[in-house]
Amino acid sequence: MGHLPELGLAFAAFAVGMFSPGPNILTIIGTSMATGRRAGVAMALGISAGSFLWAATTAIGLTALISAYASVLTFIKIVGGLYLLWLAFKAFRSAASAKPAGPSAASTGSSRAFFLRGLTVQMTNPKAALSWIAVMSLGLGHAAPASTAFIIVVGTTVLSVAGHVGYAVAFSTKHVVAAYARARRGIEAALGVFFTVAGLKLLTSRT
């Protein structure tokens with residue numbers, strides 16, 4: 001009971017970070033609008049799985065690993081930056097096309113493929129590593145029992161699944177899909193710009 005304030009602070013910090021616009025949220029939104037609910041939910045579950053892996057890894061010592069080996073974070077940053085630039089290329093290519101890819105092309109990916117894409121987006125995001133270090137630091141107060149880390153991992157995973165799947169469901173409704181069809185090229189171009197800026201920022205940042 002004495003660690004409830006720290007747990008509440010950790011969950012609040014995680015929720016704020018999760019719902020802040022970033023590659024994970026924009027990827028779910030774009031996939032749900034362009035490809036449908038099935039793909040969006042699979043993407044959301046992949047991102048949530050990545051969130052769980054970051055949480056578990058941080059709980060067992062990612063902080064110490066990054067402190068001892070700075071090259072670990074550098075490697076994550078490089079991979080993440082290149083992956084974001086690849087997403088930018090795909091978005092710009094779609095924006096340049098006068099017609100959408102169409103159901104057959106857009107739906108070629110299986111649920112497993114979209115799940116793995118979501119997992120890749122989350123696992124190659126160094127911001128996730130740094131965010132988890134902050135969340136664990138907030139939640140694991142002085143002399144906190146080992147069960148506290150377990151509670152944080154399980155609780156944030158539940159929040160991640162609920163939040164990300166909620167985005168997928170909300171942005172795959174008929175009205176949203178219809179609006180996306182009308183503004184597709186502008187949305188894809190905006191996503192391309194975002195992913196380009198985010199990727200270049202990762203590749204050029206010093207910390």
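This is a predicted model: local features need pLDDT of at least 70, side-chain atom pairs count only at pLDDT 80 or more; totals for chains, interfaces and linings use all residues.

Is I78 buried, exposed or partly exposed? With a relative accessible area of 42%, I78 is partly exposed, where buried means under 20%, exposed over 50% and partly exposed in between, with a 1.4 Å probe and protein chains only. Residues are numbered from 1 along each chain as its sequence is written, and side-chain values use heavy atoms, with hydrogens and water left out.

I78 is located in helix α4, helices being DSSP runs of H or I with at least four residues, numbered from the N terminus.

I turn next to the aromatic residues. The model has one aromatic pair, a term for rings of Phe, Tyr and Trp (its six-membered ring) with centres within 6.5 Å. The ring centres of Y167 and F171 are 6.2 Å apart and their planes meet at 20°, so this pair is stacked; stacked means planes under 30 degrees apart, edge-to-face over 60, and tilted the rest. F171 is partly exposed, at 26% relative accessibility.

Finally, consider M136, which belongs to helix α7, residues 126-139. M136 is buried, its relative accessible area being 5%. Leaving aside residues up to four places away in sequence, M136 touches A55, T58, A59, A149, I152 and V153, contact meaning heavy atoms within 4.5 Å. M136 and V153 are 17 residues apart along the chain, and their C-alpha atoms are separated by 9.2 Å.

Conventions
Helices (H or I, at least four residues) and strands (E, at least two) are DSSP runs, numbered from the N terminus.
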